[in-house]
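User: I'd like to learn how to read helix packing and aromatic contacts in a model. Could you walk me through some cases?

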Amino acid sequence: MSANIASYLEIHRQRMLDELCDLLRIPSVSADSKHRDDVRSAAQWLMERISELGLEPELWETRGHPVVFAEHLVDKNLPTLLMYGHYDVQPPDPLELWDTPPFEPTIKTTSIHPEGAIFARGACDDKGQMYMHIKALEVLKAQGGGLPCNIKLLIEGEEEVGSAHLAETIQEHRNRLDCDLVLISDTDMISRELPSICVGLRGLSYLEVRVDGPSRDLHSGMYGGAVDNPANVLARMIAKLHDDQGRIAIPGFYDEVAELSQQERAALSRAPFNENEYRESIGLSAVFGEAGYSVPERVSIRPSLDVNGMWSGYTGEGAKTVLPATAHAKISMRLVPDQNPRKLTELCANYLKQIAPPTVKVTITPHHGGMPYVAPLDTPAYQAASEAMQMTFGIEPVPVRGGGSIPIVPLFEELLGAKSLLMGFGLASDAIHSPNEHYGVFNFFKGIETLSVFLNQYSTSSERA
């Protein structure tokens, strides 16, 4: 079967690449209201492609951006797979750091991708990976045997802004979304030579800090030395969020962190890691982090806190000797089991207000968050995914925990009672959320092939179970 799939993909290779590039040209930036119509255009484009498969897609309106839904029910006695993805993308800024325009897809060869990689915003996160699901359905339908199990597609347009309205959409359409498993391709794997399956995600707590001082920007010569500068204050506050050893200094932050056993840590360490290559890939002279943990552990099984942006005063060309009236920062915390994002947001907010001097006013605005997630390995779904990857890559995949967050994953379990299988095909070097995001052509087609095999393996493994 895999040979037939590979042959079909080779015949239709250029068309499928052209289709993906058409989708990538749509600037569906969910965070920017100027792109509201573009987000809807991406949803409508997907509706047309899904219709070409013989399915009847529906556009579910939300209080934000729409959700695309479709289903193909084969037999009530077969398992039902809900395939989830998102068609919205991160803002492309800073534009000047892109080698090619972010919404003009360009295929270029690289040392990692000798067959070429598609450079565009959303190429890997998540348009390229989401579109593999749709193409896998096309492949199976073209084989003549139809789909091996019941399929439901749920593709949203707000993942990059925290899936703000997806929970209420799921509750509204709960009777249409019953499933046995949620399949998500929005993660990466170790390498092209060694695939992996993500079995855990960190949670997320995101907040914004505003520090207010004087009633207006002041002349730094006339007032400097007598007025506590909000930018200076915010810098001092942020400096107190970590100790010198890289541990987060917020009281109570680690109280509910689930510690892994030595056996569990040893199992996760099976994934190969080269610190020199890691440093060189991101231009570092040295790594940093919590003592007693390896770099892979620091970015997967341990929590973190990072400033995502800071701004204050004059930042234009030349000089302006101003003492700013306000200073701002955006802060994200990546959480691990059993940390709760609401509680951690409150702990961080209280700590920031506590360490602020009386010379300023501090305002905290919480943004989106999500719970951590750990998936079981002893399920028919995991076994089917492992078998599929072994068939297409020629090697057994390694289970790994990811450092990112997909807030909808624990939400699916809460609202639908369904576990998620995180079967992604990106690479850590794909620069998602950064300038020059890209996705390997090899990864795109190997993902379609593997997902096609997985659907058959999952149907038969569920029957065996």
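Predicted model: local features only at pLDDT ≥ 70, side-chain atom pairs only at ≥ 80, totals over all residues.

User: At what angle do helix 1 and helix 2 pack?

Analyst: Helices here are DSSP runs (H or I, at least four residues; strands are E, at least two), numbered from the N terminus. Axes are fitted to C-alpha atoms, for helices over the stretch in contact, and angles run from 0 to 180 degrees between N-to-C directions. Helix 1 (residues 2–11) and helix 2 (residues 13–24) meet at about 65°, their axes 4 Å apart. The two are therefore roughly perpendicular (65 to 115 degrees; under 35 is roughly parallel, over 145 roughly antiparallel, the rest oblique).

User: Which residues make the contact?

Analyst: With contact meaning heavy atoms within 4.5 Å, helix 1 contributes Tyr-8, Leu-9, Glu-10 and Ile-11, and helix 2 contributes Arg-13, Arg-15 and Met-16.

User: And how should I read aromatic pairs?

Analyst: A pair of aromatic rings is described by the distance of the centres and the angle of the planes. Rings of Phe, Tyr and Trp (its six-membered ring) pair if their centres lie within 6.5 Å; planes under 30 degrees apart are stacked, over 60 edge-to-face and the rest tilted. That rule gives 8 aromatic pairs here. Phe-273 and Tyr-278 form a tilted one, 5.4 Å centre to centre with 55° between the planes. The rings of Phe-393 and Phe-425 have centres 6.5 Å apart and planes at 10°, so this pair is stacked. It joins distant parts of the chain: Phe-393 is in helix 12 (residues 380–393), and Phe-425 is in the loop between strand 17 (420–422) and strand 18 (438–440), 32 residues apart.

User: Is Phe-425 buried or exposed?

Analyst: Buried means under 20% relative accessible area, exposed over 50%, partly exposed in between (1.4 Å probe, protein chains only). Phe-425, at 0%, is buried, and so is Phe-393 at 15%.

User: Where does Glu-449 lie, and what is it in contact with?

Analyst: Glu-449 lies in helix 14 (residues 441–464) and is buried, with a relative accessible area of 10%. Leaving aside neighbours within four places in sequence, Glu-449 is in contact with Ser-2, Ile-5, Ala-6, Leu-9 and Thr-392.

How values were computed. Residues numbered from 1 in each chain as written. Heavy atoms only, no water.
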